Amino acid sequence: VQLQASGGGSVQAGGSLGLSCAASGGIFSINEMGWYRQAPGKQRELVATITRGARTNYADSVKGRFTISRDNAKKMVFLQMSSLKPEDTAVYYCNAEVKSTAWAAPYDYWGQGTQVTVSS
């Protein structure tokens, strides 16, 4: 299983960016998908998650500014970020809880990370 993230880049404060992540490989089903981020010198933290049924969860710091969505048929998860702040600067990682077969236990997979830089 591979997760390929795309998007990100540099933007000024107040701007918007979108991230995409596509899962591929031996996938039977995907439970929860999400985005996490890691700023320099800090631990990786949750940004947002979304269940297969589209129930979402957001970090307090991004509520009202970020929107997570997914396309189950395409095995993709998206993160639309608006009203970006310098403190949103980090490497963003996508995550997927994948079952390789109907009877397999779910396993967490991670994308390669994509840089988001917000300048003031």
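Tutor: A residue is buried under 20% relative accessible area, exposed over 50% and partly exposed in between (1.4 Å probe, protein chains only). The model is predicted: local features need pLDDT of at least 70 and side-chain atom pairs count only at pLDDT 80 or more, while totals for chains, interfaces and linings use all residues. Residues are numbered from 1 along each chain as its sequence is written, and side-chain values use heavy atoms, with hydrogens and water left out.

Student: Are Cys21 and Cys94 buried or exposed?

Tutor: Both cysteines are buried.

Student: Why is the disulfide of Cys21 and Cys94 assigned a handedness, and which one?

Tutor: The torsion about its S-S bond is about 50°, so the disulfide is right-handed. Cys21 belongs to strand E3 and Cys94 to strand E9, so the pair ties together parts 73 residues apart in sequence. Strands here are DSSP runs of at least two residues, numbered from the N terminus.

Student: Why is the pair of Tyr36 and Trp110 given its aromatic class?

Tutor: Rings of Phe, Tyr and Trp (its six-membered ring) pair if their centres lie within 6.5 Å; planes under 30 degrees apart are stacked, over 60 edge-to-face, and the rest tilted. For Tyr36 and Trp110 the centres are 5.1 Å apart and the planes make 70°, so the pair is edge-to-face. Tyr36 lies in strand E4 (residues 29–38) and Trp110 in strand E10 (residues 107–110), so parts 74 residues apart in sequence are tied together.

Student: How do you know that Tyr36 and Trp110 fall into their accessibility classes?

Tutor: Tyr36 has 17% relative accessibility and counts as buried, whereas Trp110, with a relative accessible area of 37%, is partly exposed.

Student: What values describe the aromatic pair of Tyr107 and Tyr109?

Tutor: This pair is edge-to-face, with 4.9 Å centre to centre and 65° between the planes. Tyr107 counts as exposed at 52% relative accessibility, and Tyr109 is partly exposed at 24%.

Student: What makes Arg44 a charge over a ring?

Tutor: The rule asks that NZ of Lys or CZ of Arg be within 6 Å of the ring centre and within 35 degrees of the ring normal. Arg44 lies over the face of Tyr93 at 3.8 Å from the ring centre, and over the face of Trp110 at 4.7 Å.

Student: Which residues touch the most other members of the largest nonpolar core?

Tutor: They are Trp35, Leu79, Met81 and Tyr92, within a core of 31 residues. Such a core is a set of buried Ala, Val, Leu, Ile, Met, Phe, Trp, Tyr and Cys residues joined through side-chain atoms within 4.5 Å. Strand E9 gives the largest share, 5 residues.

Student: Why are E1 and E7 called edges of the sheet?

Tutor: The open sheet has 4 strands in the order E1-E3-E8-E7, with antiparallel pairing. E1 and E7 each have a single partner strand, so one side of each is left without a neighbour in the sheet. Strands pair if DSSP finds at least two bridges between them; E1 and E3 have 6, in the antiparallel sense.

Key: Disulfide = S-S within 2.5 Å.
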